[in-house]
Amino acid sequence: MYNIQAYTTREGHGELDTMPIKRPWMDETYDAHAYHCFPVTLANGLGWSISFPEEIRFIWDGISDSTPDHVKIISGDKYIHTGRANGTISFNTGLMFRTPEDVSLVTMPVPNYFHSGFQPFTTLISTSFFKGELPAAARILKANEEIVIEANTPVLSVLPISLGALQNSEITFHPLSDLKSSDFASAEYSNKVYELNRQGKWSDYYRNATDHLGNSIGSHEVKSIKLRVNR
């Protein structure tokens, strides 16, 4: 568990919230089938989202150079600026964070939340000493087309991580023969999953960590990610 200190540095700051499980595109799938995909729904709660309380609109003329003149902010100028140039915008988050020395903050696109006109950068910030509000920026993906970020739309995600714990991690390949037959799904299991999928159903075997007979085959580290914001 991480304990992170947060501060607001200005009026009109970004809103920090826990991540909802729901996604508009998942609601639109047939019978909301996408929510049966446990790896996706679990990842939807990864981190805290930053959104802005007012609509933001801007347009880029498609020229990428070192001047800020090619992005026109139409509304929401208190929340974004164009000083980075090169076909990008920066977000004025108005949020400052403090973490222990062994914890950094990842800013990244909101998991499984898709924006057609821009893509937030993924960055790592050493928030144990960084003096200033959390920097965040995005690459503009469409030229000569007005980009709209609706009010209260999750724009980016903030996630604590220990880079020290990650450092020098390794992936080592081993001979396939080292695995036991029980490490593979049986033909009976695969046929059952295939049959359910053809019927437009989900087995939920992985979600429940069981085989097709209902026998336990393991356990998830967690089945839901529980985070809080204390104000």
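Which residues line the largest cavity?

**View 1. The largest cavity and the residues that line it.** In this predicted model, the largest cavity is lined by Trp60, Ile63, Ser64, Asp65, Thr67, His70, Val71, Ala85, Asn86 and Gly87. The volume of this cavity is about 30 Å³, and the count of cavities of 30 Å³ or more comes to one.

**View 2. Strand β14 and its two pairings, with β3 and with β9.** Strand β14 covers residues 156-161, and because five of its six residues are buried, this strand is largely enclosed by the rest of the structure. Strand β3, residues 48-51, pairs with β14 in the antiparallel sense over three bridges, while strand β9, residues 104-108, pairs with β14, also in the antiparallel sense, over five bridges.

**View 3. Helix α4 and the glycine just after it.** Helix α4, which runs over residues 187-198, has twelve residues and reaches 16 Å from its first C-alpha to its last, a span close to the 16 Å expected at 1.5 Å a residue. An α-helix has 3.6 residues a turn, so residues three or four places apart point the same way. Just after α4 comes Gly200, which takes a positive phi of about 75 degrees.

**View 4. Asp204, a residue with positive phi in the loop between α4 and α5.** Most residues other than glycine have a negative phi. Asp204, however, is not a glycine and has a positive phi near 60 degrees. Asp204 lies in the loop that joins α4 to α5, the latter being residues 205-208. Is Asp204 buried or partly exposed? With a relative accessible area of 22%, Asp204 is partly exposed, because buried means under 20%.

**View 5. Ala209, a residue with positive phi in the segment after α5.** Ala209 is not a glycine either, and yet its phi is positive, at about 55 degrees. The place of Ala209 in the chain is the segment after α5. The relative accessible area of Ala209 is 12%, and therefore this residue counts as buried.

Key: Residues are numbered from 1 along each chain as its sequence is written. This is a predicted model: local features need pLDDT of at least 70, side-chain atom pairs count only at pLDDT 80 or more; totals for chains, interfaces and linings use all residues. Side-chain values use heavy atoms; hydrogens and water are left out. On a 1 Å grid over the protein atoms alone, a cavity is a set of points where a 1.4 Å probe fits but cannot get out, and a pocket is an open set with protein on both sides within 12 Å along at least five of seven lines; lining residues have an atom within 4 Å of a point. Grid points are joined across faces, edges and corners, and a volume is the space filled by probe spheres set on the points. Helices (H or I, at least four residues) and strands (E, at least two) are DSSP runs, numbered from the N terminus. Buried means under 20% relative accessible area, exposed over 50%, partly exposed in between (1.4 Å probe, protein chains only). The expected span of a helix is 1.5 Å times one less than its number of residues. Two strands pair if DSSP finds at least two bridges between them.
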